[in-house]
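Have a look at the sequence and the structure first, then read on.

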Amino acid sequence: MRAALILAALLGVSAAAAAAPADSLDEKKVMSGKTVLDPASGYILLHGPGRQGGTFIRVPDAEDLEAFRKERAEAFAKAEKRYQKKLTSWEGEAKLAAAQKKAPPAKPVAPDEASFSIGDIEARTALQFGPDFAYIKDKANERYSYVMAVKPGTYIWYGPVLFDPGQGFVGLCYCMGSVRFEVKPGVVTNVGNFLTAAPLAEQQKSAPLLDIRHNGGWAGFKVEVPTASVPVDYGVPASLDKWPVEQAVFTASGKFNNIYGVMISRLPPVPGVLVYDRDRVIDAKTGAAVGSGF
Amino acid sequence: MRLICAASMLLAVPGVAMAAGPEAAPRHFTESEVAAVEMPKLAFTPTAEDIGTYDKYYYFHREGTSFDEAFADVSECDALASGISYYRGGNEPYPGYYATQYGMGGVIGGVIGEALADAIFGSSERRKVRRINMRNCMGFKGYQRYGLSKDLWQAFNFEEGNGREDEATRNAALMKQARVASGDKPKQAAIEL
């Protein structure tokens, strides 16, 4: 992720727009007692048959919104300052052009407070994990677990979207429908293999996708997009026996912007949680359509 | 009229109650505005080469769809495909962010995604991603896909790799795509999503 931030800086892009890397836990440190449960932190535990990787979006809270408003106000003030400088310079150029009977240069456009944008707030609360930094790598049983310490809140499964230093953002955004769940402080929220196992991928048609390759590790990793549902498994690693663990409760989440410009799809339907009426996202528990965004 | 149009869209989904955040109202076009949109030529005799490039050159159509609906749909899919912020927030106001309107460029989102991808990913890959995105998005909306020859396709579509298509060209193409998507049912067989 450091590479992402360096590259972002080189390209003149705000580091705030890059997904933050998850604070991944290491099983050895948990077992040795070097890493202990922080009651103020939330935790997400998940696993899958191969290397897992992707992005969660935490629904912005009041603190995020305040920070966003502050950042925007500061950026707007800077934009106004730049505009005033350009305007002064333009006035001189326009006078000179008039004296020389030439056409004046284009007048600078004042920034508009109503439409001024600093980009996506959700990019500031995005969290990326994997495919490296697995909590457990069990190749023999094809089980890779990931545990990450996160800020408590509501998390939306954005999809297997990753930053790769050699390619930029790659992956598949579930921009047209997904699920969300709560992460409480002082508790490990167990997502199990739900995100890849429960969705009925066999029922959803898709255009052929490009491979999602990440160049981490020695030989790089390919993150697989599931093509069929399998039994959901919420097994917890023995090393977390003494940590409070709660199974995640999933609800349907609406459409989302493709903030990284990657491939788009939607999480296939999940019985009892997520269904679709054409492209309308429906909460299977209530039968109500789910609005877009947060 | 916008209200009527929005209401008619909701009524098209019986038994579904809208629960959350506001959606942009679809833009309404008058009959004369729709009639002024040139209907692209679609009839052709496919060659083996045409058939071999249907993954690139195609159009969408859905029966019983109005021009307003089709334009809203292609605009939404175009925004998603190109990484433009489109959906508005639910309850929280995010000033200057969810300001998009149907058929307009709106606020550029995915700044880092586009910048990095343009710098590294390559134009050809980005064109592939756009095709996948349009196919998935329109497919989820229930549109069928039909193959087309390259020259006919180019008359009302655009490739987009690095950079962004000019907004006027983009909008004119989307209008024609909406005309086709809401027009007469194609005589040829639909192809796979």
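What percentage of the 294 residues in chain A do buried residues make up? They come to 52%, where buried means under 20% relative accessible area, exposed over 50% and partly exposed in between, using a 1.4 Å probe and protein chains only.

## Ground rules

This is a predicted model, where local features need pLDDT of at least 70 and side-chain atom pairs count only at pLDDT 80 or more, while totals for chains, interfaces and linings use all residues. Residues are numbered from 1 along each chain as its sequence is written, chains are lettered from A and ligands numbered from 1 in the order in which they are written, and side-chain values use heavy atoms, with hydrogens and water left out.

## Chain A at a glance

Chain A has five helices and 20 strands; these are DSSP runs numbered from the N terminus, with helices being H or I of at least four residues and strands E of at least two. Its C-alpha trace spans about 80 × 50 × 40 Å along the principal axes. Taking the contacts in chain A with a separation of 6 or more, 79% are between residues 24 or more positions apart (contact means heavy atoms within 4.5 Å).

## A loop glycine in chain A

A:Gly186 sits in the loop between β11 (178–183) and β12 (188–192) of chain A. Is this glycine buried or exposed? At 14% relative accessibility, A:Gly186 counts as buried. Setting aside neighbours within four places in sequence, A:Gly186 is in contact with A:Leu37, A:Asp38, A:Pro39, A:Ser41 and A:Pro244.

## Chain B at a glance

Chain B comes to eight helices and three strands, running α-β-α-α-β-α-α-α-β-α-α from the N terminus on. Buried residues make up 49% of its 193 residues. For contacts with a separation of 6 or more, residues 24 or more positions apart account for 81% in chain B. The chain exposes about 8,800 Å², and carbon and sulfur atoms supply 54% of it.

B:Asp50 is found in helix α3 (residues 48–52) of chain B. With 14% relative accessibility, B:Asp50 counts as buried. Not counting residues up to four places away in sequence, B:Asp50 touches B:Phe44, B:Thr45, B:Ser149 and B:Lys150.

## The cores and helix α4

Which residues touch the most other members of the largest nonpolar core? In this 50-residue core, they are A:Ile57, A:Tyr158, A:Tyr260, B:Phe67 and B:Phe71. A nonpolar core here is a set of buried Ala, Val, Leu, Ile, Met, Phe, Trp, Tyr and Cys residues joined through side-chain atoms within 4.5 Å. Helix α4 (residues 67–82) of chain B gives the most to this core, with eight residues. There's also a second, separate core of 39 residues, including A:Tyr146, A:Phe194, A:Leu195 and A:Ala248.

Back to α4(B): 16 of its 16 residues are buried, so the helix is largely enclosed by the rest of the structure. B:Phe67 touches B:Phe29, B:Val34, B:Val37, B:Met175, B:Ala178, B:Arg179 and B:Ser182, leaving out residues up to four places away in sequence. Just after α4(B), B:Gly83 takes a positive phi of about 75°.

Terms used:
Areas by Shrake-Rupley, 256 points an atom, 1.4 Å probe, with all protein chains shown as cover.
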